[in-house]
Amino acid sequence: MSDLDLLTQSLARSVKHWRAVRGFTLDVLAARAGVSRGMLIQIEQARTNPSLGTVVKIGDALGVSITTLLDYEQGPNVRVIPAEQAVRLWHTDAGSYNRLLAGTEAPGPLEMWDWRLMPGESSPSDPHPAGTTELLHVTAGELTLTVDGVEHRVPAGASVHFEANVPHTYGNTGDAPMEMVMAVSVPPVT
């Protein structure tokens, strides 16, 4: 079985599991996530490989991380994630990228990311659910963080946190690559 097949089946099991835990019908989850009921049925039957955006919407609606939705290995309470298992979810030809390093539920989704943005590049993000917090630490270059239309400069060695329930963009307006580590905490679904 291919890794893609394992991920598709894991996603199917996870969406069904978390939908049951939350007590959501297909219609409720579809409305919360902004995806069609038919798409959810296909996902829960492992008949489709949805886009990353769709998986993020479903995870946000269920209040669980992407890592939890795609984790097909059951393990002990301590889990070491080898470097080669970090998942690159976004990249550009110029060399910008992000990688999901690790994630857990504590008590809501908690994710840790590694980012690199090349000069002149940016990555916009839609608002996350209310109560979502992002914590970033810039390790190289300078981050131009725009939160709800207001630009903030974050130099190497500095950190920033913000409520991510508004539109925000990570950008590099400098002339050197920008690198940062980011943690995202999403509140549990009630």
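## Touring the domain 1–domain 2 interface

About 720 Å² of area is buried between domain 1 and domain 2, with carbon and sulfur atoms giving 62% of it. Keep in mind that this is a predicted model.

**Stop 1: the two domains.** Select residues 3-70 and colour them as domain 1. Then select 84-185, which is domain 2.

**Stop 2: the contact residues.** Show the residues where the domains meet. Domain 1 brings eight residues into contact, and domain 2 brings 11.

**Stop 3: the domain 1 side.** Select helix H4 (52-62), then helix H5 (66-70). These are the elements that give two or more residues to the side of domain 1 that touches domain 2. H5 supplies the largest share, three residues. What classes of residue are on this side of domain 1? Three are nonpolar, four are polar and one is charged.

**Stop 4: polar links.** Look across the interface of domain 1 and domain 2 for salt bridges: the rule finds zero. Polar contact between the domains comes to one residue pair, with both residues at pLDDT 80 or more.

**Stop 5: confidence.** Colour the protein by pLDDT. The mean is 86, and 90% of residues reach 70 or more. Now select strand S2 (residues 97-105), where confidence is lowest, at a mean of 75. Move on to strand S9 (residues 168-171), where confidence is highest, at 96. Where pLDDT is low, predicted coordinates should not be read in detail.

Note on methods: Residues numbered from 1 in each chain as written. Predicted model: local features only at pLDDT ≥ 70, side-chain atom pairs only at ≥ 80, totals over all residues. Heavy atoms only, no water. Domains from an automatic or database assignment. Contact = heavy atoms within 4.5 Å. Buried area = accessible area lost by both parts, 1.4 Å probe. Salt bridge = Lys/Arg side-chain N within 4 Å of Asp/Glu carboxyl O. Polar contact = N/O pair within 3.5 Å; in protein donor to acceptor, adjacent residues only side chain to side chain. Helix = DSSP H or I, 4+ residues; strand = E, 2+ residues; numbered from the N terminus. Nonpolar A, V, L, I, M, F, W, Y, C, P; charged D, E, K, R; others polar. pLDDT = per-residue confidence, 0-100.
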